Amino acid sequence: MHRINDFIITDETEIASLLAPFDSSLTILDFSLMKDSMSNTGYIVTTNSGKYFLKIYSKATDKIETAALSYLKNKINVPALLFYDGSKQRFPFAYAIMEFLDGVTFINHVRSNLKYPPEMAYEIGRICATIHERSYAHDALLDGKLNLLQELPRTRDKILHLLNGKPSEYLRPETIDSLCRFIKENPDLFDSIEARSVLCHGDLGYANIMISDGKVSFIDFEFTYSGSIYHDIGHFFRRKDDDVEALINRHIYDAFAQGYNSVSASPLPSNWLTLAHLCDISAMLCLLTYDNVPTEWVEDIENDILCAIDEDSRL
């Protein structure tokens, strides 16, 4: 897996010093680096009092994640936030100690069972709608209290802005032209995408959904922001590897929508999946704003963009 930030490597002595303000009686028995993350650094720490998850933040995403976890703790299943220090006084990075969820990611659950349970799609849709119950006046970055901090451009404007930047170095000119033309010719679709701004998870991939003790939990809220409901839905239904994609059918889409509509005061429209794939284009383009983006990322993103704007694939 390609990472956005380097791992923050530490040792047992330093980990013990980070846990001490939370519980000075803890003795570390073992610890291991979680290598399947892309941005921040996580350690599973085994102590004389059980396991904990130590999260070390590479960048300033700590305040938004801890705020989201505190807000959502009584609304959906999220790991309990046990301790947080964003002062950077005892350690150069902000860090948090969280409940360790002893389970598997949703992607691994699907792969190991060779099936995609519709009841879990329903539950994920329900949880997603619960997060989206918090509304905002417009798309924006949020502060440490989940209030509006900095307004963000509309989805269509963000896409057009990104196409004039770094992503244009990776995408074929004809793909860029087709996407720009599609946006110009289909303002109604983007009006629907931009109709509501809500609290979004911000990175709702299968790896950020945990199955633990038969329960569905959402993790990694470091990219939480105010945006379209279709941002989270589009990311969740972004095309997967062939083995997983083959398990996704209309029953799964219907189950997700039913779960979402069981909570939401604004039911999903009949073309919700089309809107979700279109909205996800802006998030995929953000992955192309880095140097040395892997070729396979570029190929996948380009293919997904073309599928999203292709009329036949949306029927």
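Which side chains meet in a salt bridge at 2.7 Å, N to O? In this predicted model, the side chains in question are those of Asp243 and Arg111, and the legends below begin with this pair.

**Figure 1. A salt bridge joins Asp243 and Arg111.** Because Asp243 lies in helix 9 (residues 242-245) and Arg111 in helix 3 (residues 106-113), the pair ties together parts of the chain that are 132 residues apart in sequence. Asp243 counts as partly exposed, at 42% relative accessibility, and Arg111 is likewise partly exposed, with a relative accessible area of 30%.

**Figure 2. Asp220 and Lys55 meet in a salt bridge of 2.9 Å, N to O.** Asp220 is placed in the loop between strand 12 (215-218) and strand 13 (225-227), whereas Lys55 belongs to strand 3, so this contact ties together parts that are 165 residues apart in sequence. The two partners fall into separate accessibility classes: Asp220 is partly exposed, with a relative accessible area of 23%, while Lys55 counts as buried at 4% relative accessibility.

**Figure 3. The side chains of Arg239 and Asp300 form a salt bridge of 3.7 Å, N to O.** This pair links distant parts of the chain, with Arg239 in the loop between helix 8 (229-236) and helix 9 and Asp300 in helix 12, 61 residues apart. Both residues count as partly exposed, Arg239 at 34% relative accessibility and Asp300 at 39%. Elsewhere, salt bridges that share partners join Arg154, Arg156, Asp157, Asp191 and Glu194 into one network. The count for the model comes to 18 salt bridges.

**Figure 4. Five strands form an open antiparallel sheet in the order 1-2-3-5-4.** Strand 1 and strand 4 (81-85) are the edge strands, each pairing on one side only, and neighbouring strands of the sheet are turned by 20 degrees against each other on average, direction ignored. Strand 1 (residues 28-34) pairs with strand 2 (residues 41-47) in the antiparallel sense over six bridges, and these two strands form a hairpin with six residues between them; within this pairing, Phe31 has Val45 of strand 2 as its bridge partner. Strand 3 (residues 50-56) and strand 5 (residues 95-99) are also antiparallel, paired over five bridges, with Phe53 standing opposite Met98 in strand 5.

Figure 5. Cys286 is in no disulfide either, the nearest cysteine sulfur, that of Cys279, being 11 Å away. Cys180 counts as partly exposed at 28% relative accessibility, and Cys286 also counts as partly exposed, at 26%.

**Figure 6. Ile4, Met38 and Tyr290 form a nonpolar patch on the surface.** Together these three residues have about 220 Å² of accessible area. Ile4 is located in the segment before helix 1 (12-19) and counts as partly exposed, at 30% relative accessibility.

**Figure 7. Val293 is found in the loop between helix 11 (272-286) and helix 12 (295-309).** Val293 counts as buried because its relative accessibility is 10%, which falls under the 20% cut-off for that class. The C-alpha atoms of Val293 and Pro167 are separated by 9.8 Å, although the two residues are 126 residues apart along the chain.

How values were computed: Residues are numbered from 1 along each chain as its sequence is written. This is a predicted model: local features need pLDDT of at least 70, side-chain atom pairs count only at pLDDT 80 or more; totals for chains, interfaces and linings use all residues. Side-chain values use heavy atoms; hydrogens and water are left out. Two strands pair if DSSP finds at least two bridges between them. Helices (H or I, at least four residues) and strands (E, at least two) are DSSP runs, numbered from the N terminus. Patches are made of residues with over 30% relative accessible area and no salt bridge: like charges are joined within 9 Å, nonpolar side chains (Val, Leu, Ile, Met, Phe, Trp, Tyr) within 5 Å. Accessible areas come from the Shrake-Rupley method with a 1.4 Å probe; for residues, only the protein chains shown count as cover. A salt bridge is a side-chain nitrogen of Lys or Arg within 4 Å of a carboxyl oxygen of Asp or Glu. Buried means under 20% relative accessible area, exposed over 50%, partly exposed in between (1.4 Å probe, protein chains only). A disulfide is a pair of cysteine sulfur atoms within 2.5 Å. Axes are lines fitted to C-alpha atoms, for helices over the stretch in contact, and angles run from 0 to 180 degrees between N-to-C directions.
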